[in-house]
Each structure stands twice: as structure tokens, then as C-alpha cells.
Amino acid sequence: MALLRSQSSLLWFLVVAAHVTEAAERPMKRMTLTEDESVWESKGDTFSFRSRKTSRVEAAAGSEPGDVAAAFRVPTLGGEFIYQPGVLKGPLVIHAFTNKSGFLECIWSSESSLSSLVQDLPDSTQVLFLSLDDSAISDVLWMRDQVQRTAMHSKKEVLSRLHFSPVPVFALGNWIPRVLYSWSCMGVNCGLSQAVFTSQGWKMPVIIKRLDARYDWLMGRWAQTSYRLVDAGDGCDASLSVAAAVAWVSAGSCSFFTKVQSMAKSNASGVLVYALPGNPLQDMNCVGDECYSPLSIPASMVHLEPSVAQALRFGQLVNVSFQVTPSPNFFIGIDQQGALAEMGWFLYPTFSFINWQAQWFDFNMDLWTKLKSPASVVSVFDKVQMQGDKGAVATVDLPLGLLDFNTLELDASLSCPGRRDSSCAQWDHTVQLFVCCNPLSLYCNMELGRWITAFRRGIGHWLTDVSPLIPLLDSNKCTFTMKTVPWAMPWIVSLNLRFSLGNQTGDGAEKLHPFRVTSLYSGGTFDKNYNKNYQPVKFLLPASTKKVELYAVITGHGSDENGCGEFCVTSHHFLINSVYNNTRIFDSAGTALGCTMRVKEGAVPNEHGTWLYGRGGWCDGLQINPWRIDITKQLDMSRVESNTVVYFGLFDGHDPNPSQQPGYIIMSSFLVFYK
């Protein structure tokens, strides 16, 4: 747990301010870090610097993701916050604020963002808020006030888990500044995005912070060039004067979409929306049906700069260019096991991204708890590189008496060549695990498991129950092949098979074992001929059968004019004996936050790209859970008459019929027989 000792906040502020001011007035010197470090020491109601030898634990601690975080202590507005490895039971998120970032200004000014922090921060998680600037005291007072104001309207208690330190990062005297400054950070939440204005007669350029429009709304990006800036009023109507220039428009009077659309129709090169005096920067985004109208020019929001406005009013030529100045990382984490962790990529300014990473910390802790349960474990891959046509291949010996087990779980992880997310592969690709235990068997090279890679994040770790497919392991020596598309960047894979004896049918009930599987249907191109490929399959029940399951792994990919099969709602039907329709519907496909809802199941959060959107049966950075239906009561169990099954897939209740670039379905499906 974190320890807080109450102190007199006013005295802290005076002492802290005195030390910070004194340090700021000294000449700059080159500084070398040694084992003698300055730390904050509490005596009575004041805090002061003292020098101490770094403890053996802290000196040995590293500063890479996965390294153990050393103990530290910092004063906060509510007392002293003390972090001790192994004492704090939940994760800790550390956020360093700077008012030089338009992104961070918005994340702290947005009501929806603050509400997300107050309402949705997992109960296990604590957050330490810091400031990178000389204005640390006023910064954290403002941040605390923002949270307290929002929490007044919430029934959830969260304030006791939020800690605000008035000590600027550069004066902490512990390892936190080293990590914040050394970890590379990629994405819209990193660095200082700025607009640079120049005009004849100005001695210096005017540089102000900016906030770009939503990445997933406007795909246009500012070029590395200088643009002419033209005043276009409120930008709600087209203006011929902005052609080939950046339009300077005021906030208000119409939506952001209307402004950008009007300027795009006027052939503007981009749009700069300035906030009205006293208002914060806002998250520029489309709303509802607006999002289906593509716009190709970039847009950003800035504060009203008087010198720019005056120059434009007097008819002076003003040019604008755009830059991103590197900055420290603004967010780092420590998981329940005390390991340093990256927080990923924030697609837009909201504290929801902190919540999602914290949810994943909880998931990962629960996963490690599950992995401590008794099982016979077979290691297939141990940090093996997967790349190219071959992928990762291993032949292993399986435990004797496989029929004694009725549970098989795949403990799989996908990490990156380096320890940081910056070394991870781009894009999301399907990963499949194939098994062959007997080259002459019908089961050879059947799919045993499927996952989707995360987009530039290397923390994926999943446990997938594939127990019905135990019969595919029809020998004590099997070859496993794990692969993705051959052109993908390399992944480092680990895979353990976990065999155990579980009671699948309830306490006290008979334990059934899968003893045979029959392969059914695979997928294909999702076009007008898709369902013509599938014919009814007749089957008799093997002797001793007591239960039959339908088992399918189905995912939709590609994108036609309807977004099929990745972002459209498709339904997949297995009709038994012409009566029983077993249906799997991907109803979250195309939703804005569909995959954020699955972070608690292991979906890797805060990836690059649009990982948040719901997909056709899958999410970036997640295993594909098999769809299992007990169809025993739908069958003639007499073993005299045959049963039938037929599959078909639909879009919007009809056969797919795209006019261009049809998507495709990847599917493996089986009948599983138990005795």
C-alpha cells in the first residue's frame, strides 16, 4: 500500500518554492549522476533536501520496461507518498504534466476526460501526478481542483487514490526523471506539437502549442513546409481567399466538421482554429454521420495569439509552419509485480487511456494467478523469433496418457525484439498455430489456436482454452508451427501447452473427455459466391458418444464498400438438422469503442492505429476465443439415423454482394464428440 503522512501543505509550498527558485537562479552546470543523490526529507512540517547514498536496491534497479521499480518517496498535497516494492498491492500510474503541451491541456480541461478518470479508474489503481515545470505548485493545485470539482458529482470514491506532488520533476532526486526523459515516446500524446508563425518585421518567430484534430478523423498531416496564413472569420462558409493557404478561423458558430469541410471546399491547405479568449484547447472531432464524410486536409487548434491576429488584421503576410519538439514521456506505469511499464499510445486526449492500461494491469495479474494452478506444462516455444514463410517451428514430446486430461490451454505471448514498444512490429496481423502429430492423419496441420498481433506494443499474453481439440494431438510427439504473414516484422513468441483435469460439466457430474473431432467448414472470400461453397455435411455419432459440441473460430478481415469483413456486422449460422440455427453475430464490429470493452479479457490497450474500434470477431492484441455450442439435444443420438449440419454467412441478413474489394473470412470449425 502507499503510505501518506499528513503535513502542513502551506509550509511545504513555501519551502518547495524557495528551493526551486534558488535552483533556478543558479548558473547552469553539467551534472553527473552518482550514488550521492538529493532526496526530500521531512522534519516536522517542512521538507528539505538532504544527500544520501542510494540504497542497494535502487542502485541495482534498471530503467527499462520490465525492470523492478525502486522504492521512492515524494511529498504530495495530502502527505508523503511512499512507494515500496511489494507493498503496494495494485498498479501505480505516474503522470508528468506540462502546460507546454496542448494535448495535456485538453486532457485536463475536458469534462469527459476528467469524468473518465473519476468514474472509471480501476479500484486497484493509484495515480501520482507531477509537473515538469517551474510552476509545479500552481499546476498540481489546478489539477487537484479539476479532479475535485468533477468528483463532487460522482458517487465513486477515487480521491484517496490520486496523489498530487508540488515538487517539480527536475527536483525529485529519484529515478522517475531518468525514466521520463530516457523512454522514447511515439504518438499524438508525446512531444510538444507547435505552430510557428513568422512575418516580415518580426525579430523572432512566434511559437505556440497546438492540438491536432483526431488522428482517426482527419488523416491529412501537416507537411514540413511553410504555409501562407489567411484569416477566414469563423470558417463556417466557403472563402475563395484561403485557396492554397492555411485558414485562420475562430472557434464557435458551427461545428469543427463544418469549418474543415468549408475550408476544404475552398481548396485550403489546412485549418487552424483558434480558441476564444479564456477557453481551453478542445479535442477536434467529427460527430455522428459527419464521420462518414472524408476530409483530406489537416486541422489543428491553438490559442489566439494577439501578434498573429494583429498582423492579419493589418494585412501583413504571415506564414505558419508546424513542428514537434521532443519532450519527456508524460506517462509511465508500475504494475502489481513492481515492474516498470510503458503506457502506450493515446489516440486522443482523455484519461480513458490510463484506465484501459490499468485494466490490463489487472488482467495480467489475474492471468499470472491462473498460471499458478496445477497443470502438466509442455514448453513449445521459449522466446523464439517468428518471421518469414517458416514462422516458428518446434517438435516436442507430449505427456503420456493424454486421454487422462480433459483441459488444454494455450499459454501464449507475443513480445518484441527490444524491450520497448518502439521495437515492435507495425500493423495487426493474424497469427495461427498449426499442429501435426502424424503426417498420415486427417488431423495433420489443423489450426489449434489463433491470435491477432498488437500494433507496436509488446505486452500481449493470453491463456486460451482449446480443450475440445485435444484429439488433434494423436501422437506423443507433435510438430507445432506458429506463423503470420511472411512480410511482417519479427515477433518473439513463447508458447506453453497446459494439460489438466477439470470438471467441465459441474461439481459432482461425470467428467467427459473429447475423443474425436470432425472438421467442417473453412472460410473464403466474402462475396456473392461465398455461400455457394458450402454444402450440408451428414454425420453419424461415434459409439460411446455422450455429448457433441460445435466448435468454431471465425474472424472477418478486409474492407469492401461496407467495411466487410473487418468493420461490418456479419452473422455466421450453423443449421443442425434443418431446424436448429446456431448463430454467431459480430455485433460490435465497426463500433467506436468495441475493442476497449475487451481489455479486461486481455486485449492490448493503447496500441498505435485504431485499435479501439470493434472488429469482425477479433481485436488487435487479443486471442480469438473459440465459439462453443453444446448441440447434443439438437441431434438424433440413436446412432441409427445420420444428422446434418450446414453453414452460411450473411451481411445485413443477406448473402454478401460487394461491388468492389471483397473481404474474407478465416474460419476453422469442428464437431467435437465426448465420452
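Reader: In which directions do the residues of S5 point, and are they buried or exposed?
Author: In this predicted model, Leu92, Ile94 and Ala96 point one way from S5. Val93, His95 and Phe97 point the other way. S5 is mostly covered, with six of its six residues buried, and the residues on both sides are therefore under the 20% cut-off in relative accessible area, that is, buried.

Reader: Which residue of S6 stands opposite histidine 95?
Author: S5 and S6 pair in the parallel sense, over six bridges. Within this pairing, the residue opposite histidine 95 is phenylalanine 129.

Reader: What is the relative accessibility of leucine 128?
Author: Leucine 128 lies in strand S6 (residues 126–131). Leaving aside neighbours within four places in sequence, its contacts include Leu92, Val93, Ile94 and His95, as well as Phe72, Val74 and Ile176. Leucine 128 counts as buried, because its relative accessibility is 0%.

Reader: How far apart in space are leucine 128 and phenylalanine 164, C-alpha to C-alpha?
Author: In sequence, leucine 128 and phenylalanine 164 are separated by 36 residues. In space, their C-alpha to C-alpha distance is 6.1 Å.

Reader: Which residue joins its side chain to that of threonine 98 in a polar contact of 2.9 Å?
Author: Threonine 98 is located in the loop between strand S5 (92–97) and helix H3 (102–109). Threonine 98 is buried, because its relative accessible area is 3%. Beyond four places in sequence, it is in contact with Leu104, Leu132, Asp133, Leu192 and Phe330. The side-chain partner in the 2.9 Å polar contact is aspartate 133.

Technical notes. Residues numbered from 1 in each chain as written. Predicted model: local features only at pLDDT ≥ 70, side-chain atom pairs only at ≥ 80, totals over all residues. Heavy atoms only, no water. Helix = DSSP H or I, 4+ residues; strand = E, 2+ residues; numbered from the N terminus. Buried < 20%, exposed > 50% of the residue type's maximum accessible area, 1.4 Å probe, protein only. Polar contact = N/O pair within 3.5 Å; in protein donor to acceptor, adjacent residues only side chain to side chain. Contact = heavy atoms within 4.5 Å. Pairing = 2+ DSSP bridges.
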